[in-house]
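Here is a short walk through a model with several chains. Keep the sequence and the 3D view side by side as you read.

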Amino acid sequence: MWRQLRPIALVAVLGFASPAGAVEGTRAFFPALEAERGRLVINGATDIEAMEPLIRDFQETARDVAIDYTDYVTNDLYRDADIACRLKQPFGDLLLSSSVDQLVKLANDGCALAHVSPETRDVPAWANWRDEVFGFTFEPSVMVYHKDFVPPEDVPHTHGELTDLLRFKPDYYRGRIGTYDLRQSGIGYLLAFLDAQQASTTYGRLLESLSRAEAVLRCCNNAVLSELDSGNVYIGYNILGSYAYAAARRNGKLRIVLPRDYTLILSRGALVPTGAKRPELAGRFLDYLLSERGQDVAREKAFFFSRSGALPAEVDGPEKLVESGIGRPIRIGPALLAAQDRLQRSRFIDDWTKLIVDTPVRLRPN
Amino acid sequence: MKRRETSLFWRLVLRVALVLCGGATLLSAAAWYYARAAADDAYDRLLLGAAIQITANMTVDAGNLGVTLPSSAFELLGLAERDRIFYRVVGPDGRTLTGYDDLDIGINVTAARAGPVFLTTEYRNVPVRVAVVSRALSDPSFSGWAYVVMAQTTEARRGLAGELTTRAMILVGIMSLLALAGTVLAIRYSLLPVDALAATLRARDPQDLTPVEADMPRELKPFVGSINHFMGRLDERVTLLQRFIADAAHQIRTPLTALSAQVDMLEDDDLDVNRKRHLGRVRDRVSQLARLTNQLLSHAMVIHRSDSVRFKPVDLGDIARKAFRSTVPITVDPDVVVSFEDSAEPVFVRGDAVSLREAIANIIDNALQHGVEQRLAVRVRREDDRALVEVADDGPGIPPAEWAAVTTRFVSSKMGEGSMGLGFAIAAEVALAHRGTVRFLEKGGRDFTVILDVPLYREGT
Amino acid sequence: MRIFLVEDTRDVGEAISRRLEKVGHTVDWQTDGQAAADILEFTDYDLVILDVMLPGLDGFEILRHLRARKKTTPVLVLTARSEIEDRVGALDLGADDYLVKPFDFRELEARTRVLLRRRQGDPTNLIECGDLVLDRNSRSVRVGNREVQLKRREITLLEVLAARPGRVFSKDELLDRLFGFDENVNPNAVELYVGRLRKKIEGSSVRIVTIRGLGYQLVADEAA
């Protein structure tokens with residue numbers, strides 16, 4: 001319960017206790033530490049909780065910059081950004097999203113400004129497209145389970161094991177497995193699309209299993225995690241490692257597993273839109289995110305995983321995630337355009353919907 | 001304004017450099033052209049491959065055309081890391097199935113039925129390369145042509161073309177530099193004979209009129225031939241002239257002696273003062289004429305000998321004494337102390353006795369005519385590796401400013417009366433032929449000295 | 001003295017004859033070379049003045065003949081200094097002296113005199129006194145390597161003084177010795193000649209000392 005109260009408490013604390021941040025719905029304002037000389041507008045599909053430590057630390061380095069942060073759902077962020085781009089209107093100085101395919105589409109449509117700096121030059125090639133879309137995190141897509149409810153022999157270590165688990169213990173796990181609603185979640189769609197690419201047979205069978213198990217569908221990571229917290233759901237699938245780890249830190253009963261057959265690794269994207277009013281401030285923030293200091297803060301307080309570092313404690317996963325070949329970083333590049341093709345997307349989501357949403361309803365005993 | 005000298009070397013180098021530059025430019029242009037074509041070719045295949053993959057994934061399902069866009073097609077195109085991709089799938093009815101609806105840029109889809117069509121155009125303000133691939137669909141419920149329009153920006157292409165061109169240009173540049181360096185060396189080497197010829201000519205004695213003998217390339221032969229021809233003619237002229245002078249002087253001798261004889265026989269006792277004076281003048285002029293004639297002859301002989309007579313080791317002291325004897329008349333003023341001082345050891349020089357005698361005789365004669373008042377001393381000595389014959393008199397001497405001019409012909413230090421004549425000039429020429437000089441010592445406290453300075457004879461030189 | 005002149009140019013021959021005859025010599029003048037050679041066969045002279053360029057026989061030929069017959073007659077050659085003549089060298093062929101045309105007639109006369117005197121046979125050619133050497137042949141006095149030319153009378157004066165070093169000769173004595181009895185001479189001439197001689201022997205260890213009222217003596221300094 002305390003977990004659910006946290007956002008409200010945050011409002012209360014922040015609203016009454018300090019002038020440091022005021023939350024209006026999904027919007028947060030971080031005033032400059034000294035006299036404000038610039039205001040950076042960030043539209044992000046990233047939890048404010050995760051971004052806050054980074055924003056605050058950035059302001060230590062840029063004491064005259066105020067930050068206006070609005071939290072979006074990925075699909076909404078993309079839609080608004082696309083419209084603004086077509087109409088040539090401004091929509092924030094910096095866009096952050098876990099749906100990197102959407103950012104790549106925006107960049108491909110010519111809606112992004114290039115930014116080059118010493119920090120950007122250090123970014124690996126798969127996390128940088130055209131110096132317009134940068135991946136600034138390193139987040140594996142993990143499975144989360146509640147250890148009280150999932151016995152050790154049940155713990156799935158691969159996609160196949162999950163599928164089998166759901167098939168062999170249908171009653172136990174019916175309605176107890178949670179994942180994204182692809183209709184609402186952009187990142188959910190992307191992860192599913194990539195799952196289908198990585199191992200289509202496995203994906204098909206998993207989908208079938210999820211359908212039969214009457215999977216619980218939610219819009220976002222935190223929604224799934226809160227279900228896990230409350231014990232409604234025993235296993236969360238395709239959860240972003242950062243959120244999962246934050247949740248696990250709060251609730252010691254939650255455990256994280258990196259699937260050993262393959263693990264998709266998301267690098268959350270940042271983009272400076274063409275309509276940005278303060279692109280130079282956006283560039284500074286971007287540089288900060290990519291810098292060693294920013295990465296350190298990210299690893300310790302925000303995203304917990306990093307490409308160079310080892311897995312955080314108590315995470316069940318392979319020793320060397322990327323070198324072993326198990327970790328599959330999602331390449332930020334034009335290949336993601338296939339995911340963003342409207343026909344492709346609508347067909348994929350249709351197929352998924354038919355299987356996961358419609359069928360269980362149909363099959364549920366009345 | 002001084003005209004700038006042209007240099008054969010630089011002319012050649014410049015022209016070769018120009019040609020190489022021109023060639024390099026042409027090659028670079030060709031390289032750029034081919035690089036572009038190659039880059040286009042390479043990336044066109046990617047474009048085509050992606051388009052074909054998409055056409056391959058077209059399906060007809062219940063009368064509806066559907067297409068699954070394979071990620072691999074985009075990954076293929078993603079090999080051009082920075083380029084943006086635009087695409088459009090068009091059904092037989094002309095409707096856009098998916099992709100960028102406005103990717104409609106004057107494409108002749110009919111032409112694409114025969115085979116893939118490529119074109120370069122602009123889309124969304126950037127240049128793009130477009131491939132159009134068609135597929136004929138024949139399904140019982142559905143038939144017609146479907147098209148895939150695949151476009152990609154050209155950054156990678158340009159990059160590749162640029163890189164290829166740059167590499168080619170570097171190679172061309174290196175080759176050109178090597179060629180230029182090689183050519184410069186070759187030109188320098190080839191022009192060596194010219195330098196050698198110049199050096200040979202420079203090293204020659206200015207007096208030397210013998211033909212130039214040297215190894216030289218065919219192209220220079222006309223020049224040297226000309227020089228030699230000219231020198232030959234000059235030599236002939238000089239010889240003829242000298243011979244003429246010699247002959248003339250010779251011819252004059254007899255009438256001159258006769259004239260002198262007549263003048264000698266003229267009794268001046270009966271003459272009045274004026275006539276006596278005139279007679280005196282006549283005697284002086286006859287005497288002057290005689291001297292000049294002798295000098296002319298002396299000179300002609302000396303010149304002639306320098307060509308034909310071989311040098312031998314000769315005793316300079318002996319020669320000087322002979323010159324002294326023949327030049328100092330017995331009738332010299334008795335109040336003048338005339339002395340001859342030989343050196344302790346014999347002084348040998350490599351030369352011609354007759355010319356040396358003439359030279360010394362002329363110097364002594366000059367002193368007698370113009371210098372001597374009370375004293376005339378002739379000394380022969382050696383100093384280091386030089387042999388010296390010094391003629392010193394206590395007369396007024398010649399001022400230093402005139403020393404250079406005096407050794408050229410017919411310069412008179414006093415105008416009119418008693419001109420120097422050829423004397424010093426003859427001595428100077430003889431000295432030069434013996435690799436020595438005639439020099440002067442300024443009248444210090446005592447005497448004005450004229451010195452004939454020639455190198456000592458050394459065994460084996 | 002009897003002088004034989006071989007010269008084909010009339011003006012020159014005439015001038016030479018006149019001069020020499022004026023002094024008192026007898027001059028036989030021949031213009032043809034061959035004729036001259038024939039005459040020389042049979043006649044002896046005190047001096048031969050020989051022009052080289054002659055019609056008929058060449059001057060050098062005549063000279064050669066003369067010397068071939070061992071005649072020691074002094075010969076003065078008048079040379080035109082052409083190539084051939086110079087190569088050979090008149091003196092090498094046996095001439096005693098030569099003059100180049102055109103020449104000074106007074107010089108000719110002077111050299112003639114010298115040659116004639118030589119003929120008179122002075123046996124002593126070298127006289128030494130102190131570090132001084134008197135050389136009659138070259139008409140000079142020598143100290144070390146240095147020769148100074150002397151005139152006839154200067155030579156005579158030095159001979160007289162050097163014959164008796166230390167002895168004082170009076171002016172009159174010297175006058176007699178130098179000039180003979182017939183000539184009208186200025187008594188100061190002795191002083192003049194002594195002065196000239198003094199100048200010319202300067203630098204040697206020999207000096208001429210004037211003793212006032214008595215005369216002159218030759219003194220040789222002892223080497224230090």
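Helices and strands here are DSSP runs, numbered from the N terminus; a helix takes at least four residues and a strand at least two. With that in hand, look just past α3 of chain A: A:Lys88 takes a positive phi of about 60 degrees there. The model is a predicted one.

Now step back into the helix itself. α3(A) spans residues 74-86, which is 13 residues. From first C-alpha to last it reaches 18 Å, close to the 18 Å expected at 1.5 Å a residue.

Which residues of α3(A) are buried? They are A:Thr74, A:Asn75, A:Leu77, A:Tyr78 and A:Ala81. These residues sit on the same side of α3(A), because they cover an arc of only 160 degrees around the axis. An α-helix has 3.6 residues a turn, so residues three or four places apart point the same way.

What covers that buried side? The cover of the buried residues of α3(A) includes β3 (38-44), β5 (94-97), α4 (100-108), α8 (186-198) and β15 (269-273), which belong to chain A. Turn to the face of α3(A) directed away from the buried side. That face carries the exposed residues A:Ile83 and A:Arg86.

Next, move to the contact between chains B and C. Here 30 residues of chain B are in contact with 29 residues of chain C. On the chain B side, the elements giving two or more residues are α4 (221-265), α5 (273-308) and β9 (337-341). α4(B) gives the most, with 11 residues. By class, this side of chain B has 15 nonpolar, 10 polar and 5 charged residues.

β9(B) also pairs across the chain boundary. Its partner is strand β9 (residues 146-149) of chain C; 3 bridges join the two, which run antiparallel. Within this pairing, B:Phe340 has C:Glu147 as its bridge partner.

Stay in chain C for an open sheet. It has 3 strands, in the order β10-β12-β11, with antiparallel pairing. β10 (168-169) and β11 (206-211) of chain C stand at the edges. Each has a single partner strand, so one side of each is left without a neighbour in the sheet.

β11(C) pairs with β12(C) (residues 215-220) over 6 bridges, in the antiparallel sense. One pair to find is C:Val209 with its bridge partner C:Gln217 in β12(C). Finally, look for helix α7 (residues 152-163) of chain C. α7(C) lies across β10, β11 and β12 of chain C, and runs at about 70 degrees to β12(C).

Methods
Residues are numbered from 1 along each chain as its sequence is written. Chains are lettered from A and ligands numbered from 1 in the order in which they are written. This is a predicted model: local features need pLDDT of at least 70, side-chain atom pairs count only at pLDDT 80 or more; totals for chains, interfaces and linings use all residues. The expected span of a helix is 1.5 Å times one less than its number of residues. A residue is buried if 20 or more other C-beta atoms lie within 10 Å of its own, exposed if 12 or fewer, and partly exposed in between; C-beta atoms are placed from the backbone. The arc is that of the directions from the helix axis to the C-beta atoms. Two residues are in contact if their C-beta atoms, placed from the backbone, lie within 7 Å. Ala, Val, Leu, Ile, Met, Phe, Trp, Tyr, Cys and Pro count as nonpolar, Asp, Glu, Lys and Arg as charged, and the others, Gly among them, as polar. Two strands pair if DSSP finds at least two bridges between them. Axes are lines fitted to C-alpha atoms, for helices over the stretch in contact, and angles run from 0 to 180 degrees between N-to-C directions.
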